[in-house]
Amino acid sequence: KQRLRRKKLKVKVRVPATAANLGAGFNCLGLALELYNTLEISEANSGVSIKILGEGKNGLPKNRSNLSLNAIYKVFDICGYKLKGLKIKIHNRIPIARGLGSSAAAIVAGAVAANELCGKKLSQDDLIQLCADLEGHPDNIAAAFLGGLTICGYEDSKLIYTNIFVRYGLRAIIAVPQNLKVKTKDAVAVLPKRVPFADAVFNLSRVAFFINGMMTDELDIMGLGMDDRLHQSYRKGLIPGLEDVFRAARGAGAHGVALSGAGPSVIAITNRFPDPIGEAMKKAFAAKGIKAEIMILDADNKGVTVKVKRA
């Protein structure tokens, strides 16, 4: 009798963009957004091929220094998966190095896809911890996995996290500078080793205001919660006109505005008409010689999604 050939597994993973910090929630808050990267992976008889479309198609590496491929191999190593060959297709829609979680999306996509090939040996907790270790901070990772508004932190060395459903009607207006990048290491380098006690207390109150405002629809309180004293004032030197962009967004109707992650993108949140806010942010950047693209996005409440089939 002819032996039936086993069908090869094909996995497609979709991961949302994320905005971390959101002002006061430094390294602990993240918001998932309806802008997505996708990764398709399938088993092959031999070799590893990678095709990259969209953002970074001509610049991203296609070896293990690629964040997705590195995450894939990490999961394979942990699970004892014996690699014969892989075919990988990546379609990036999240701008790279703009504070919208592109690196987190790449890591999450690779880890989740690899875990499917391994028969889901790793739990969600395992994967989130692994990805946070690879990323170096958990805020974008948790939001990319869980969707909604996420809160994360550490208990000893264990990552703990939760998320909140973001109601429909809230819009995120993102101003994405096109001719300005901020490397994470540079954004970290400008931060102080110590902060005044009063500034720490200020941020504690603002994080509480932000979360309460998001849960109760008290959007003025939510907007107040996007004020910050721990990181944004130190990073404004890396982003010309940042305070002008903040003022322009509020003046045009934003309830709150902050850096998206380490920047240089700026996120404003409102339930009002978003177009005037985006235009005001764009003009404020333009006054400093910076061209900005405006994205108007809803929150993503699903997080990472996976489709699996045998082909």
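Modeller: Two strands are said to pair if DSSP finds at least two bridges between them. The model discussed here is predicted.

Colleague: How many bridges join strand β7 to β10?

Modeller: Strand β7 covers residues 171-177 and runs antiparallel to β10. One of the bridge partners is E293 in β10, which faces V176. Pairing requires at least two bridges, and the number that joins β7 to β10 is seven.

Colleague: Which strands stand at the edges of the open sheet?

Modeller: The sheet has four strands, with antiparallel pairing, in the order β8-β9-β7-β10. An edge strand has a single partner, so one side of it is left without a neighbour in the sheet. The strands at the edges are β8 (256-259) and β10 (292-298).

Colleague: Which strands does helix α10 touch?

Modeller: Helix α10 comprises residues 275-286 and packs on the sheet. Its direction makes about 20° with that of β7. The strands that helix α10 touches are β7, β9 and β10.

Colleague: Is C131 buried or exposed?

Modeller: A residue counts as buried when its relative accessible area is under 20%. For C131 the relative accessible area is 0%, so C131 is buried.

Notes
Residues are numbered from 1 along each chain as its sequence is written. This is a predicted model: local features need pLDDT of at least 70, side-chain atom pairs count only at pLDDT 80 or more; totals for chains, interfaces and linings use all residues. Side-chain values use heavy atoms; hydrogens and water are left out. Helices (H or I, at least four residues) and strands (E, at least two) are DSSP runs, numbered from the N terminus. Contact means heavy atoms within 4.5 Å. Axes are lines fitted to C-alpha atoms, for helices over the stretch in contact, and angles run from 0 to 180 degrees between N-to-C directions. Buried means under 20% relative accessible area, exposed over 50%, partly exposed in between (1.4 Å probe, protein chains only).
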